[in-house]
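Let's take a look at a protein with a ligand inside.

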Amino acid sequence: MKKSRVLIMAAMLAAAVSCSSDRDQILKVYNWSDYIDESVLPEFEEWYEARTGESIKVVYQTFDVNETMLSKIEKGHEDYDVVCPSDYIIERMLNNGLLQPLDFASIPDEINYISLNKSPYIQGMFRDINPAIDANDYSVAYMWGTTGIIYNPAEVTAEEAGTWDIIRNPKFAGRILIKDAPRDVYGPVLIYLKQDELKSGKVTLQELMHDSSDESIAAVEAYLKQVKDGVLGWEADFGKEQMTKGRGVVSLNWSGDAVWAIEEAAEVGVDLAYVVPEEGSTVWFDGWVIPKYAKNIKAATYFIDFMCRPDIAIRNMEETGYVSANGAMEVLESQIDDECEPIDLSYFFGPEADSVCVDPVLYPDQAVIDRCALEHDWGQDTEKLLAMWSRVKGDNATGFTYVIIGLVVVAAAVLVIRKATSKNRRHKSSKRR
Ligand code: SPD
């Protein structure tokens, strides 16, 4: 072999080795925006090095919409090591073979926070994801909550807010915010529309979470088209602020955003409240997973474990308003508020928590849980939902839109040509003179 060729090959090998070892020192985390106390990230880097003797740098990126995150993972263009999808997306990833099983046995016992701190309720929800594969082996819940209505009691009564009908109540037109999350809006609206069937036992809440029929999608679409004119904004993350500033008075939102908004508003003297409407709603959780294309499984596994350390879970809760899925008593104790009425949280923390003074917006009581259900993946039918969502919001271009755009382009071209020809004529006649 020629000397130059040997040198090139050696250089290529060195580059490959250095690339792979660089990647071993990087942990790519993809999480929802406003969903962590970012000061825990450098702490993780220090903790990881102290525990393993290996250095690590966290590269942290965020998303606002489940479907945006999913499409990046499905295309396989991104090698994130840890991501935080919602329940029905975890189900989809599981069904499509996009997840790595989690190997927590590889974490030393004395720092294995995951197995110590699982809530029985959350474990059960994971089992409900897919009867054939235990999702507990592929994901660890991070935060959880309900979908409901944040409202301003100065303008909206508890009775008005206690039904999903409020989102099309003309009294609040122009002051209603809707989460830009198709599944989280579809579920509650369908539950509302199917009240008679639910009450008569013809259908269950759980069955509705799988209902992607054309008929149901059309019914929800018709309903949302009535809602649309009164909508102040379809928001991924700005709804809570609009509520604290008093621009919105009703917001279809998640309980974590409600906690944040209620606390922020109180600081400026605005009173806000949150309710899960009587007809029922969705309960959800977001969980850490390691995608199939991950490159640093060891650091990813340690990261998930670190997120389950009770003090870290508490800090993330305090920062974001969302409720940790961690079932440790330490987490519950950090949320005790003697001004609240005692509620029964034994479903979540076990029998010791049958009467605890905790804010019910944070931890819903059993009655709320009983009228909520978990969303499920729709597979191919998801496309139908996304198309409906675009039609409702009006951010899709129809054939008519293209005709209008075409006419505008032709008109503009005619104007430009006319102007150019008349300029040319003027130029020629002035030359002749
Ligand atoms: N700002 C981050 C909010 C994340 C909330 N996730 C809720 C998902 C419900 N499907």
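## Around the ligand

A nitrogen atom of the ligand has a backbone N or O atom of serine 33 at 2.7 Å. This is a predicted model, where local features need pLDDT of at least 70, side-chain atom pairs count only at pLDDT 80 or more, and totals for chains, interfaces and linings use all residues. Residues are numbered from 1 along each chain as its sequence is written, and side-chain values use heavy atoms, with hydrogens and water left out.

Here are some polar contacts (pairs of N or O atoms within 3.5 Å):

| Protein atom | Ligand atom | Distance |
|---|---|---|
| Serine 86, side-chain N or O | nitrogen | 3.4 Å |
| Aspartate 184, polar side-chain atom | nitrogen | 3.1 Å |

The ligand alone exposes 340 Å², and the protein buries 99% of that (areas by the Shrake-Rupley method with a 1.4 Å probe).

Who else is around? The residues around the ligand (a heavy atom within 4 Å) include Trp32, Asp34, Tyr35, Asp237, Trp254 and Trp284. By type, the shell splits into five nonpolar, two polar and four charged residues. Domain 1 (17–137 + 286–334) and domain 2 (145–280 + 371–419) both give residues to this shell, so the ligand lies between them.

A cavity is a set of points on a 1 Å grid over the protein atoms alone where a 1.4 Å probe fits but cannot get out. The count comes to four cavities of 30 Å³ or more. The largest cavity holds about 200 Å³ of space, and among its 22 lining residues (an atom within 4 Å of a point), the closest to its centre are Val140, Ala141, Cys308, Ala325 and Asn326. The ligand takes up the space of the second largest cavity.

Notes:
Polar contact = N/O pair within 3.5 Å; in protein donor to acceptor, adjacent residues only side chain to side chain. 1 Å grid on protein atoms, 1.4 Å probe; cavity = no way out; pocket = protein on both sides within 12 Å on 5 of 7 lines; lining within 4 Å. Sits in = over half its atoms within 2 Å of the grid points. Nonpolar A, V, L, I, M, F, W, Y, C, P; charged D, E, K, R; others polar. Domains from an automatic or database assignment. Points joined across faces, edges and corners; volume = space filled by probe spheres on them.
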